[in-house]
Amino acid sequence: MTHRISRRARVLAASLGAGVIVPFAAAAAPAAAAAPQVSCTSSKTGLATKLQNDITTALRGRVGTVAVGLYDRSTKTTCTLRSSTAYDSASVVKATVLATLLWDAKKHNRYLTTREQSLATAMITKSDNNATSTLWKQLGVTKVKGFLAAAGMTQTKPGANNYWGLTQITVRDEQKLLALLTAKNSVLSDNSRAYELKLMGKVISSQRWGTPAGAPSSVAVHVKNGWLSRATHGWRVHSIGTFNGAGHDYMITVLTQDNSTMQYGVNTIQAVAKAIHKDLVPTTSTTSASVLRYVPTTNPQEAIPAVPSAG
């Protein structure tokens, strides 16, 4: 019996060492998955500790591999978990495709054509795959890589053979993208940033799940989500979002994989998001009646990009 227990312990330790949280079924009763370690810093006293505790609590017992990024400019608050772990992007990469299109147009000192605007709107607000494929082929991987280099998104690797949904992304790079969209910079013009955020603010209600969950009504919400299921690592479910208002200017990225269902991944992301919004914009006894929290649809939707049959 002693030998069996120590062997299980070694297997669990090896799995955790590889950055994967797995369920550990003991003989008597199943134990909850070990809580991952979130790292937070903040210029506001007590906020980092509160966020770290609440995000950890939100993830306690969740099965899967979760990466988290938070940055709030107003309080200089940062939280990270597995910031450099790579995930298949699914439809989250569509925000990068649009940023590339806008960056390239700026380089050539031109506006988007009516056709490009129509494709961009469909790609972001409805997560249209055909529109994305059209723009991806128009740009070509060389231009996508050009934008990634200009943006400092060095961990992002474009999907090969037009499988843009298999682009490799990380929390670190998605946070860099959101930072470019939400503050003046030399990569994207002010008009380009405003245009992309406008579209991310008009995502249809069935796709406004994930990071907006629990956002107070006093902040503007911009979001792009994605999900994808494959034989390896099960469901990948991701959400990126920016939030501005109530004295805060913050961005959240949550990337997940090894989910048994897409809804399980959605629930994990929304638990993290609710904790973050609550801690950054807390409800007091005097504001509880006036501060409404965003409740996403109970029937979340998202487009599944094409991928090779294997993998």
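Colleague: In what sense do β8 and strand β9 pair, and over how many bridges?

Modeller: β8 and strand β9 (residues 235-245) pair in the antiparallel sense over 11 bridges, where two strands count as paired if DSSP finds at least two bridges between them. Helices (H or I, at least four residues) and strands (E, at least two) are DSSP runs, numbered from the N terminus. The model is a predicted one, in which local features need pLDDT of at least 70 and side-chain atom pairs count only at pLDDT 80 or more, while totals for chains, interfaces and linings use all residues. Residues are numbered from 1 along each chain as its sequence is written, and side-chain values use heavy atoms, with hydrogens and water left out.

Colleague: What lies between β8 and β9 in the hairpin?

Modeller: Five residues lie between the two strands of the hairpin, and H233 in that turn has a positive phi of about 65°.

Colleague: How many residues of β8 are buried?

Modeller: Nine of the 11 residues of β8 are buried, so the strand is mostly covered; buried means under 20% relative accessible area, exposed means over 50%, and partly exposed is in between, with a 1.4 Å probe and protein chains only.

Colleague: Switching to rings, how many aromatic pairs are there?

Modeller: The structure holds four aromatic pairs. Rings of Phe, Tyr and Trp (its six-membered ring) pair if their centres lie within 6.5 Å, and planes under 30 degrees apart count as stacked, over 60 as edge-to-face and the rest as tilted. One of the pairs is W103 with F147, which is edge-to-face, at 6.2 Å centre to centre and 65° between the planes. This pair links distant parts of the chain, since W103 is in helix α3 (residues 94-107) and F147 in helix α5 (residues 129-151), 44 residues apart.

Colleague: Are W103 and F147 buried or exposed?

Modeller: Both W103 and F147 are buried. Another pair, W209 and W227, is stacked, at 5.3 Å centre to centre with 20° between the planes. W209 lies in the loop between α7 (190-200) and β8 (219-229) and W227 in strand β8, so this pair ties together parts that are 18 residues apart in sequence.

Colleague: Last topic: which cysteines form a disulfide?

Modeller: C40 and C79 do, with their sulfur atoms 2.1 Å apart, against a cut-off of within 2.5 Å for a pair of cysteine sulfur atoms. The pair links distant parts of the chain, C40 being in strand β3 (residues 39-41) and C79 in strand β5 (residues 77-81), 39 residues apart. The link of C40 and C79 is right-handed, with 115° about the S-S bond, and a search of the whole structure finds one disulfide.

Colleague: Why does C79 count as buried?

Modeller: C79 counts as buried because its relative accessibility is 1%, and C40 is buried too, with a relative accessible area of 10%.
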